[in-house]
Amino acid sequence: MTTINRRELLKLATAGTVAVGTGALAVQVLTAGGSQAAPARDPEANAPAGERFAEVYKGRRIEGTAAVAAAPRAARSLAAAAAPAAPATPDLLIDGVPLHVMVNADGTYTSVVNHYETFRSLREVARAAVDQLDGAALEHVHHR
């Protein structure tokens, strides 16, 4: 029985990763077809993007809109398909007062009320902010 040291194991793992990546690229190229092929129908091309909601949660009116920045069709790849779509300009109001929301690199959200928590949707951010405020009014901040 032969043993494999760490260096040999790393070489095998790297070779396997390259093989899988090359195979995935080949599948993508072959399924895309040549310039003569009819363009494939993209079911998400006309789908509404982003998130929009308006509701009353625990007696507070929350409204949110997050449009998704659509990547150009040519820029879509296997890596882009695996990554979540990056939301652009999220707007969140609690009782008509804007709550500053930040978008993290992985597509999750963070607010100034729950700065150390991340949320998958804008609705989750709004509800968590209402929970954290516990009846307190959100102050409207004017930047100069």
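This briefing describes the fold, the salt bridges and a few local features of one protein structure.

The structure is a predicted model, in which local features need pLDDT of at least 70 and side-chain atom pairs count only at pLDDT 80 or more, while totals for chains, interfaces and linings use all residues. Residues are numbered from 1 along each chain as its sequence is written, and side-chain values use heavy atoms, with hydrogens and water left out. The protein contains three helices and six strands, where helices (H or I, at least four residues) and strands (E, at least two) are DSSP runs numbered from the N terminus.

**Overall picture**

- Read from the N terminus, the order of the elements is α-β-β-α-β-β-β-β-α.
- Of the 144 residues in the protein, 22% are buried; here buried means under 20% relative accessible area, exposed means over 50%, and partly exposed lies in between (1.4 Å probe, protein chains only).
- Among the contacts with a separation of 6 or more, 48% are between residues 24 or more positions apart, a contact being heavy atoms within 4.5 Å.
- The protein exposes about 10900 Å², and carbon and sulfur atoms supply 58% of that area; accessible areas come from the Shrake-Rupley method with a 1.4 Å probe, and for residues only the protein chains shown count as cover.

**Helix H3**

- Helix H3 covers residues 122-133, which is twelve residues, and its span of 16 Å from first to last C-alpha is close to the 16 Å expected at 1.5 Å a residue; the expected span is 1.5 Å times one less than the number of residues.
- The buried residues of H3 are Leu122, Val125, Ala126, Ala128, Ala129, Val130 and Leu133.
- Just after H3, Asp134 takes a positive phi of about 50°.

**Salt bridges**

- Side chains of opposite charge can pair when their charged atoms come close.
- The structure holds six salt bridges, each defined as a side-chain nitrogen of Lys or Arg within 4 Å of a carboxyl oxygen of Asp or Glu.
- One of them joins the side chains of Glu55 and Arg127 at 2.9 Å, N to O; because Glu55 lies in strand E1 and Arg127 in helix H3, this pair ties together parts that are 72 residues apart in sequence.
- Glu55 counts as buried at 15% relative accessibility, whereas Arg127 counts as partly exposed at 32%.
- Another joins Asp131 and Lys58 at 2.8 Å, N to O; since Asp131 lies in helix H3 and Lys58 in the loop between E1 and E2, the pair ties together parts that are 73 residues apart in sequence.
- Asp131 is partly exposed, with a relative accessible area of 36%.
- A further salt bridge links Arg61 with Glu63, whose closest N and O atoms are 3.9 Å apart; Arg61 is partly exposed at 36%, and Glu63 is partly exposed at 29%.

**Loops with a positive phi**

- Lys58 is not a glycine, yet it has a positive phi of about 50°; Lys58 is found in the loop between strand E1 (51-57) and strand E2 (60-68), and it is exposed, with a relative accessible area of 60%.
- Asp95 is likewise not a glycine and has a positive phi of about 55°; Asp95 lies in the loop between strand E3 (87-94) and strand E4 (97-98), and it counts as partly exposed at 40% relative accessibility.
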